[in-house]
Amino acid sequence: MNNVFVYCEIEGTTVAEVSQELLTKGRKLANQLGVELHAVVAGTGIKGKVEDQILPYGVDKLFVFDGEGLFPYTSAPHTDILVNLFKEEKPQIALMGATVIGRDLGPRVSSSLTSGLTADCTQLEIGDYDEKKTGQHYENLLYQIRPAFGGNIVATIVNPDHRPQMATVRSGVMQKALYDGKAKNEVVYPEVAKYVPEFDYVVKVLDRHVEAAQNNLKAAPIVVAGGYGMGSKEGFDMLFQLAKELHGEVGASRAAVDAGWIAADRQVGQTGVTVHPKVYIACGISGQIQHIAGMQDAGIIISVNSDPDAPINQIADYVITGTVEEVVPKLIKYYKSNTK
């Protein structure tokens with residue numbers, strides 16, 4: 001009772017990476033609260049195939065719902081599984097990925113349980129809260145932290161009175177790590193029919209097409225990112241040349257994506273991909289808080305900007321003041337001559 005729950009998303013019998021990242025974070029939150037970490041996964045033909053992808057992250061109890069009609073994902077059965085399971089287990093925190101599935105499932109579950117939900121969190125912490133109007137003091141609430149008002153501020157959201165406290169988190173925001181402590185690793189296989197009425201299966205997926213990612217931006221050790229300061233689509237051609245020399249990937253700010261200079265799947269930031277490269281080279285990027293949220297944990301940040309007062313320079317380890325037209329070709333030339 002009152003444990004931390006993570007909904008584990010799957011593709012066939014493969015657990016999504018974002019779910020493993022949330023299990024790692026969920027384990028830390030559970031330890032802080034002195035409770036257990038529980039996980040739930042639902043699919044077809046998954047028994048015996050998903051447990052080893054979930055339990056090593058410190059899960060005390062895993063609920064595996066295996067039945068026909070649970071994959072591919074449809075809204076109704078997965079919603080009823082979580083709603084009915086949460087009514088039984090009464091978790092204090094429930095986490096899921098801010099994916100296509102999580103964005104559909106999370107609001108349905110929180111609405112059914114009247115619990116509220118904070119989407120696209122960039123941090124999750126445990127802390128206390130004092131309600132100024134009533135003077136009431138709350139302990140060990142989930143701080144659901146995310147940029148708000150277009151990214152101009154960072155908001156900390158709390159849910160004092162309703163449970164579970166629900167949040168979604170984008171892939172890459174948290175870092176996954178196998179748990180080196182002791183966990184119970186208990187697995188149960190509930191009877192799906194007790195949680196899902198037959199009419200939930202009325203919607204069937206007739207055809208489904210999944211495309212593999214066109215880039216490896218999230219896992220790249222070096223990211224060369226461009227902003228509106230690149231000036232054009234041709235400007236990004238320079239960045240692709242530089243990334244090729246460095247064996248890295250090209251990223252972009254939202255402004256560059258909105259301008260149509262580069263594909264949306266290369267957008268780094270709160271509304272894009274979160275990256276943790278060893279080196280992040282920001283070219284012509286001003287450094288709005290939405291963008292910084294997606295790359296601030298890079299090992300080394302290098303800023304190339306004609307404006308010495310650009311906000312991104314405040315978090316950069318190295319600043320090269322100059323236009324991208326001047327600086328980037330020199331970097332390409334230098335790396336070409338030194339990698340032969």
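**Close-ups of aromatic contacts**

**View 1. Phe-86 is buried at 6% relative accessibility (buried: under 20% relative accessible area; exposed: over 50%; partly exposed: in between; 1.4 Å probe, protein chains only).** Phe-5 is buried too, at 1%. The model is predicted, with local features needing pLDDT of at least 70, side-chain atom pairs 80 or more, and totals for chains, interfaces and linings using all residues. Numbering runs from 1 along each chain as its sequence is written, and side-chain values use heavy atoms, without hydrogens or water.

**View 2. Phe-5, Phe-63 and Phe-86 make up one aromatic cluster.** Six aromatic pairs are counted (ring centres within 6.5 Å, six-membered ring for Trp; planes under 30 degrees apart are stacked, over 60 edge-to-face, the rest tilted). Phe-5 and Phe-86 have ring centres 5.3 Å apart and planes at 70°, so they pair edge-to-face. Phe-5 sits in strand β1 (residues 4-8) and Phe-86 in helix α3 (residues 75-89), so this contact ties together parts 81 residues apart in sequence (DSSP runs numbered from the N terminus: helices H or I, at least four residues; strands E, at least two).

**View 3. Tyr-228 and Trp-261 form a stacked pair.** Their centres are 5.0 Å apart, with 20° between the planes. Tyr-228 lies in the loop between β13 (222-226) and α5 (233-246). Trp-261 lies in the loop between α6 (254-258) and β15 (279-283), 33 residues apart from Tyr-228. Tyr-228 is exposed at 55%, whereas Trp-261 is buried at 14%.

**View 4. The charged end of Arg-27 sits over the ring of Tyr-179 (CZ of Arg or NZ of Lys within 6 Å of the ring centre and within 35 degrees of the ring normal).** The distance to the centre of the Tyr-179 ring is 5.2 Å.

**View 5. The charged end of Lys-47 sits over the ring of Tyr-189.** Here the distance to the ring centre is 4.6 Å.
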